[in-house]
Structures are given as C-alpha cells and as structure tokens.
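Trainee: I would like to learn how to read the features of a model. Please take me through one.

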Amino acid sequence: MKEKEILQLMQKMTLEQKLGQMSLCEFGDLMQNSDNAFTGPKGEFALTASQKKIVGGVLNFKGAAEMIELQKKHLEEDPNKIPLLFMMDVIHGYVTAYPIPLAIGCSFDTRLAERCARASAVECATGGVKITYSPMADLQRDARWGRVMEGFGEDPMLLGQMASAFVKGYQKNVDPRFVVGGCAKHFACYGAAEAGRDYNCVDMSDYTMNSYYLTGYKACVDAGVTMVMTAFNSLNGSPCTGNQMLRRKLREEWGFDGVVVSDYNSVAEMINHGYAKDLREAAKLAINAECDMEMVSTSYLQTGESLVESGEVSMEQIDKCVYRILSLKNRLGLFENPYGAADVQAEKKYYRCPEFLALAREAAADSSVLLKNEGMLPLQKKEGIALIGPFADNKDIIGSWSCNADTQYAVTVRQALEEEGVSFVYAAGCGDKLDDRDESGLDEAVKAAAASESVILCLGESMRFSGECKSRTEICLPEVQQKLFERVYAVNPNVSVVLFQGRPLDIRAILGAKAIFTMWQPGTEGGRACADLLFGKSNFSGKLAMSFPYCVGQLPLYYNHYNTGRPFRPDGNLNEWKSKYIDAPNAPLFDFGYGLSYSKFVYSDAKISAAQLGENEKLRVSVKVKNDSDVDGKEIVQLYIRDEAASRVRPVRELKDFKKISLGAHREATVEFFLEKKDLAFYHDDGGVYAEAGEFEVFVGGQPSELLCMKFVYTDKKNML
Ligand code: BGC
C-alpha cells in the first residue's frame, strides 16, 4: 500500500474506528462475541461486541490455527477490513527456547544473538506472530530484580550491541514472510526500579539516565526497531506511559516514527500511581504523550471520543497515532497478506527443527560462564561419576518468558549424560523450591558422592523464580542446597557445580567447589550443552555481562561505578575512613567481563599508536593474544577507557569495544581496536555529547583483574559530535 492509500483509508474511518486501531486486546477476549466478556479485574475494560470488531491488535494467542481463525473472523467483521496485528512475547525463542537474554549477553557474540533472534522469528512468524515484545533494553544493576534475565546486563555498550543485534535478527530476513517487528522495552529506565522491586518507582538524574540507562533503547531505535513499549514505573514523578519524555526524547530528539505501545494495563495504572484521576484522564495523558496503542486496558476506546470533543486531545494527535499504526501494518505486509507466514503445516516443519536445536545447543554452550576451575574440568572419564542436585534432572531450566516452548521437550543434564553413554549414579538430594526444607534426600546423595570419583552437582534457581514479578531480597542458594553442597563436599571434594539461574546469585556457600560454571537458564538444549562442556566437546567462552555480588547488601552493583572522594583500595592501608562496608568487601564475587576457559590466553605487547589523540584522528590500540594451551578456544578481548578528570565524574572503567576471536591451540593473534573522539564523549548538562581534552587511561585484556593499562592525551578542546 502506498502512503497515499493509508491516508485515504484514514479518511474513511470514524473516530471510534481510529480509537479501535489504537487498542490492543487479548486473544481470548476478542474471540467472544458478547458485549462484555471481560471479567474479574478486567471488568472495567468492558468493550461492546461492535467495539471488539474494530480493535487494532491482539496478544497472547497460541499458534497459526488460532491466528488464522481470529484474523479471518476479524476481516469479515471489521468495516474497514484492516488486519489485526498479532503480537507475543517471544523473548528467547518461540517453541525452541534459546538461552535467556542475560546468558546471550555473556556470549559477547552479536552474530550469535542475531542468529537466535532470526531463528525465533522464523518459528513465531510461522505461528502467526508479527511483532515480538523483545528485546528488553533496560540496563540492570540490581540482581534482586527478577527481570534481569530478560536483559543484557550492566554495561550500556554491550546492552546496545546485543539489543540491536536482536532487532536485526527479527527484522532482517531474505524471506520477507519471516520478518517480525521488534519492540524495544521498557521505555524508560525500568531496570532501575527502586530496591529491585518490580513495578517500583525510579528517580534518576538526567546525567545518569542519558549516560547509561537510555543507551539500550537508543541503539534499538538506531537499528530501526518497529515498536517501543512504555514502562510500568514512574520516572522522576511521572509514570512512563504518560511521561512527556516519550514525546521529547523518543520522538523529537531520536526521531522515532514507529509505534509506541503501552505496557500491559499501564495506561489505566496511572490511576493507581496517583497521576490520573480516572480512565479518561489516563487516556488523555497517554495519547498526549504519544503512546499510540493501549495494551489491554481500554481507556482510549471508552473515553477517546469525549476527549476529542472537548478538545483535550486533538484530532491531529489521534491521526498521527493511527497513521503510525497503519504504516507499521503496511510495512509488515499485512494489507497484502494478513496471515503472513502463519501456516499449520509449516509449524511442524520449523518447530524444534534440527537446525534450531543445534543453534540452541551452540548458544547454550557459548553463553555459559566458567567461574572457577581447579584442574577439575573437563572431566576425563565417563565413569565413576555421581550426578546430584535438584537441577540434574529438571526440565524447569529453559528460562521464564519461554513463550510456547514446552518444558517437556527440554533436555535435562541427566538425559544428556545418558545419551553420551556416561556411567553415573543419580540422586536429586533435595527439591528445587526456594523454600524447600526437606532434607530427607540428602543421605542418598551423600552416599552416591562417597561411592564416586567425582561429583557433578546441579544447583541454583528454577525458572519460576526469575522473570516478571519475581523480585527477591535474598539471592543466596536455598539453605537446603547449601547443606547438600556441604555434605557432598565433605565426603568427596571433587565437586563441579553447575549453576542454573535467572540472575546473578550470592554463591559464597559453594565457592569451595573445585569447579563452578553457570549455564543461566540455557533453553531447550541446556542438558546437551552442559554435557558438551563437562566433557570438553565444547569449550567455555562466555564472560559475565552482569557482576555476581558478594552479597545482596552490595546492590545495586556495577563495574562502571564512580571513584568517590574516598576510594577504598583493597591492597592499600589507611583504609579506615574510606568508602567501604565494615562487614563485606566492595568488590563483587565475580566481576563484569570475567570468565575462564579450557584454553589459556596470555596477553602481551599492548600498544597505542600515539601518546596523543587529536580531534579527527584515530588511536590504534593493539595487543597480542596467545592461546598457550592444547585446546582450541574463543576469547573475548575487551577494551576499556577511563577519563581521568572531566567536568563530570566519570566511571573508573567503561567498556568501549570488544572482539570475540577464535584461537587454535598455541596460536597467536594481534587484536586491534581504534579509539576516536566519539568513544571519549559523554553527556553534558547542556544536552550535548562531547569529549573533553585531557588524560585518559586505556585498558585491554580478557579478565578484569589482569587488564594491561596505557595512557594517552586527548588534545581537542570541546567539540560537539
Ligand atoms: C510485561 C511486558 C510484556 C507484556 C505483555 C507485561 O507484564 O511487562 O514486558 O511485553 O506484559 O505480555
């Protein structure tokens, strides 16, 4: 359809029909023809049978058959024959589950992220999905927040790269039928919910927001994301769904002309926030902030006509919203083919096809992080093993928000070891609940451990304990799992702990293990990837995208913090009146960027091409990396800078670039990076982003504690980017 035709279509539409386009309901609600099928808490969102015929979008449906049925019914009933936009939360796969986004972040592999997103798009498009509510581009510094599993960690640069790779994966495909629109969420700063409690308020300086928290959404907008979702939280006193930041930042400053959708019921929730006195005011605030589509609550349809009549919302504003929605439907090809790739037969072909399962297995191995290894792994023998723990034979490891992925198809560690012909004894030892107190299985586990040469102990947090509304105040392993570790370790110290988790956990209780690695929530093929890693068929190459705190009291925690006026130096003395805790270290247990491998990477010859960098110049930073081992591997080479003195305090380190390289055994490579003025620039009070002249440190390396440091001077005065 041409732009002119969209405008012609809009001319034919009544105001109510336009408000219908701006509304989005759940599948179940739309399938009912009666006047008010909304029950329970949704009762106040009653729509008449005729209103249901004109809504613009739908979420939460299951597969092609449901999609085709509803689209067909809708096209028969909608007076303007405008296809519905079908949307779902395809967060880390649709039917094949890939590792959770936080895990993918740890792969530092944007190609892998893009491939997983593209494969998810093929599956979900076949199931009728046209928009996925992904990626989550919220920066996260607080592991208490259950939704950290959906994001890419604590670094704004890595987050931006990963989130935009997801957008590309969804939105770019040689076969246009498999293009799915991405939706960057949750604008803005949802990841900073106070005290890590979901839906909680956010109060944040302009500097922090612009320097760190907005980077992820901006990267998605720059990558051409089709949709942006507002956040549940209030931000500096205004709930995000009615916050004028949508207009000022997203539309005017960043030029985003795609669709803004509210979060689930977040328009109506502005009443609970104490920001709107009723649904009518909530609709007014949201529409006037340029929130085009309302999810689930129906204030637009119920009160929009009266708002336009009174002049509180202009017809021009409504038309802008509707134009953006229809343009998106057009861009996704809905007017030509309202069913897209939805196809019940093709579902059988693509769902969990061998190619996607292989990708899921590869991704799960590449996003696992080896935290400790005292010569324990890889295991040399496929016998004499005790497989113990509540996650050893547990299918609840695919990750929350796993859409239509059925846990019954998940491969557990136990199944994978059986497939590999490993000879082992198995004992769960305890249950997988956070509050499990049943110790009756411990004895059996201890017996199995005592009778074996080595132990694989699978511990952690089930997928049900992270995700939306799963905030925790304690982030330790449950007590019974700690006991299981202690008792097993007492009879057999050759323990390798495999962690399953949706967030960084306080794992001090198991630090004594000879080897520890995390698989996060690894998706459908988690068990097989685990076996590959345990026996060395795969090598570890992930590094932490989010620090593991020493204890919960350190949160929020992030490596790119400021120095303070009284920095604590772990190796120094005279530390008494310094910024520190008296009962815990400042340092995390495991830092951002940390992760081991079966290969041994040695760094040397770090060089910069000049001692000075001018305005239009590039500084070459290079380093030699040698794989000093007999094992082929992949290494994530990281580049950080520090601005030593500036008009605003700057982080002690900030990631500016990284490269994931493959290095065969005993091979060596020189890795190069280039720094230029944009890499030194930061957000200033006047809204400008520019670098300041002065001294900088530059760090390169593969582990945060072993970075090689150099210095240079940036000579330019003040130059806007
Ligand atoms: C979540 C969103 C999600 C939406 C639709 C909300 O509760 O915050 O991230 O996209 O539900 O399922």
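Trainee: Which residues of H21 are buried?

Mentor: Start with the terms. Buried means under 20% relative accessible area, exposed over 50%, partly exposed in between (1.4 Å probe, protein chains only). Helices (H or I, at least four residues) and strands (E, at least two) are DSSP runs, numbered from the N terminus. In H21 the buried residues are Gly 526, Gly 527, Arg 528, Ala 529, Cys 530, Ala 531, Asp 532, Leu 533 and Leu 534. That is 9 of the 9 residues, so helix H21 (residues 526-534) is largely enclosed by the rest of the structure. This is a predicted model: local features need pLDDT of at least 70, side-chain atom pairs count only at pLDDT 80 or more, and totals for chains, interfaces and linings use all residues. Residues are numbered from 1 along each chain as its sequence is written, and side-chain values use heavy atoms, leaving out hydrogens and water.

Trainee: What do the buried residues of H21 pack against?

Mentor: Contact means heavy atoms within 4.5 Å. Their partners are helices H17 (354-366) and H18 (413-419), plus strands S14 (454-460), S15 (495-500) and S16 (515-518). After H21 comes Gly 536, with a positive phi near 80°.

Trainee: Is Ser 496 buried or exposed?

Mentor: Ser 496 sits in strand S15. Its relative accessible area is 0%, so Ser 496 is buried. Leaving aside neighbours within four places in sequence, its contacts include Met 376, Leu 379, Val 455, Leu 457 and Ala 515.

Trainee: Which residues touch the most other members of the largest nonpolar core?

Mentor: A nonpolar core is a set of buried Ala, Val, Leu, Ile, Met, Phe, Trp, Tyr and Cys residues joined through side-chain atoms within 4.5 Å. The largest has 181 residues; Tyr 133, Phe 187, Met 227, Leu 371, Ile 388, Val 497 and Ile 507 touch the most other members. Beyond its neighbours within four places in sequence, Ile 507 contacts Leu 371, Leu 499, Ile 516, Phe 548, Leu 589 and Phe 590. A second, separate core has 32 residues, among them Ala 392, Val 411, Ala 515 and Tyr 598.

Trainee: Which residues come nearest to the ligand?

Mentor: A residue is near a molecule if one of its heavy atoms lies within 4 Å of it. There are 13 residues around the ligand, and Asp 89, Arg 147, His 186, Asp 263 and Glu 468 come nearest. A polar contact is a pair of N or O atoms within 3.5 Å. A side-chain N or O atom of Asp 89 is 2.5 Å from a ligand oxygen atom. For a polar side-chain atom of Arg 147, the distance to a ligand oxygen atom is 2.7 Å.

Conventions: Polar contact = N/O pair within 3.5 Å; in protein donor to acceptor, adjacent residues only side chain to side chain.
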